[in-house]
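Here's a walk through one structure, taken piece by piece. Keep the viewer open and follow along.

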Amino acid sequence: HQHKKVLILHGFGSAAHKFHQYISPLVAKGYEVLAFDAPAHGQSEGKISTLPDYIEMIMKVVELYGPIDAFICHSFGGLAITHYLETVKHGPQTKVVLIAPATETTTAIDSFFRFLQLNDKVRKEFEALIYLRSGVKPSHFSVRRAMKHVKASVLWIHDEDDKITPLSDVLRVREKNYPNIEFLFTRGLGHSRIYRD
């Protein structure tokens, strides 16, 4: 009898061990639980981690341990899974839980530039560098854009007070009324407490 497999994908600056509380309940439901540290995170080697690196890691995990038809993803992991799924054949039997996914890369860049008080000239160079390395503009790295190609059954959990991945970005996805996405909004858990709750 083949186990159902679920892959847990952590967020930026986090690690797989922070999701330990998910293991027992999932095993009790008959899942084999897989969790890996993204490049340059936790026990993994490397100094930097980009979205293409994370997607490549997912591909490798599926190649080695797949097929995998369930994913639980937080933050950066949510951005990575949507971009992975749009490149592979899948359907509604694939189940994805997005917990406070990093919805729009441009929003993250905006707050980064505000925080460091960097000017538009630096921003133009920064975006040119992203284009040079990836062949696409930062706006391409977007859950909202990728969702057009995602056929999986999605449960999207987001907190109204999330300061890292703001609700305004999420509401723009909800406006599209995708039949395969169910939204669940919480209040007072923010960006990180939400996945520990």
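Pro 67 sits in the loop between helix 2 and strand 3 (70–74), where helices (H or I, at least four residues) and strands (E, at least two) are DSSP runs numbered from the N terminus. A cis peptide bond joins Gly 66 to Pro 67, with omega at about 0 degrees. As background, most peptide bonds are trans, and most residues other than glycine have a negative phi.

A word on ground rules. This is a predicted model, so local features need pLDDT of at least 70 and side-chain atom pairs count only at pLDDT 80 or more, while totals for chains, interfaces and linings use all residues. Residues are numbered from 1 along each chain as its sequence is written, and side-chain values use heavy atoms, with hydrogens and water left out.

Two residues have a positive phi without being glycine. Ala 100 has phi near 45 degrees and lies in the loop between strand 4 (95–99) and helix 4 (105–116). Asn 177 has phi near 55 degrees and belongs to the loop between helix 7 (167–174) and strand 6 (181–186). Which of these is buried and which is exposed? Here buried means under 20% relative accessible area, exposed over 50%, and partly exposed in between (1.4 Å probe, protein chains only). Ala 100 is buried, at 0%, whereas Asn 177 counts as exposed, at 65%.

Stay in the loop between strand 4 and helix 4, and you'll find Thr 103 there. Thr 103 counts as buried, since its relative accessibility is 2%. Contact means heavy atoms within 4.5 Å. Leaving aside neighbours within four places in sequence, Thr 103 is in contact with Leu 79, Ser 142, Val 143, Arg 144, Trp 156, His 158, Thr 165, Asp 169, Val 170 and Val 173.

Now for helix 3. How many of the residues of helix 3 are buried? The count is 10 of the 10, so helix 3 is largely enclosed by the rest of the structure. These buried residues pack against strand 1 (4–9), helix 2, strand 3, strand 4, helix 4 and helix 6 (143–146). Take Thr 82 as a case: this residue is found in helix 3 (residues 76–85), and with a relative accessible area of 1% it is buried. Apart from neighbours within four places in sequence, Thr 82 is in contact with Leu 98, Val 143, Ala 146, Met 147 and Val 150. In the loop between helix 3 and strand 4 comes Thr 87, which is partly exposed at 49%. The C-alpha atoms of Thr 87 and Phe 141, 54 residues apart along the chain, are separated by 13 Å.

Helix 2 (residues 51–65) packs on helix 3 at an angle of about 65 degrees, with the axes 9 Å apart. That makes helix 2 roughly perpendicular to helix 3. For the geometry, axes are lines fitted to C-alpha atoms, for helices over the stretch in contact, and angles run from 0 to 180 degrees between N-to-C directions; under 35 degrees counts as roughly parallel, over 145 as roughly antiparallel, 65 to 115 as roughly perpendicular and the rest as oblique. On the helix 2 side, the contact is made by Leu 51, Tyr 54, Ile 55, Ile 58, Met 59 and Val 62, and on the helix 3 side by Phe 76, Gly 77, Leu 79, Ala 80, Ile 81, His 83 and Tyr 84.

Helix 4 and helix 5 (residues 120–134) pack at about 145 degrees, with their axes 12 Å apart. Thr 106, Ile 109, Asp 110, Phe 112 and Phe 113 of helix 4 make the contact with Val 122, Arg 123, Phe 126 and Ile 130 of helix 5.

Finally, the rings. Phe, Tyr and Trp rings (for Trp, the six-membered one) pair if their centres lie within 6.5 Å; planes under 30 degrees apart count as stacked, over 60 as edge-to-face and the rest as tilted. By this rule there are 8 aromatic pairs. One of them, Phe 183 with Phe 185, is stacked: 5.9 Å centre to centre, with 10 degrees between the planes. Phe 185 is partly exposed, at 25% relative accessible area. Phe 112, Phe 113 and Phe 126 form one aromatic cluster.
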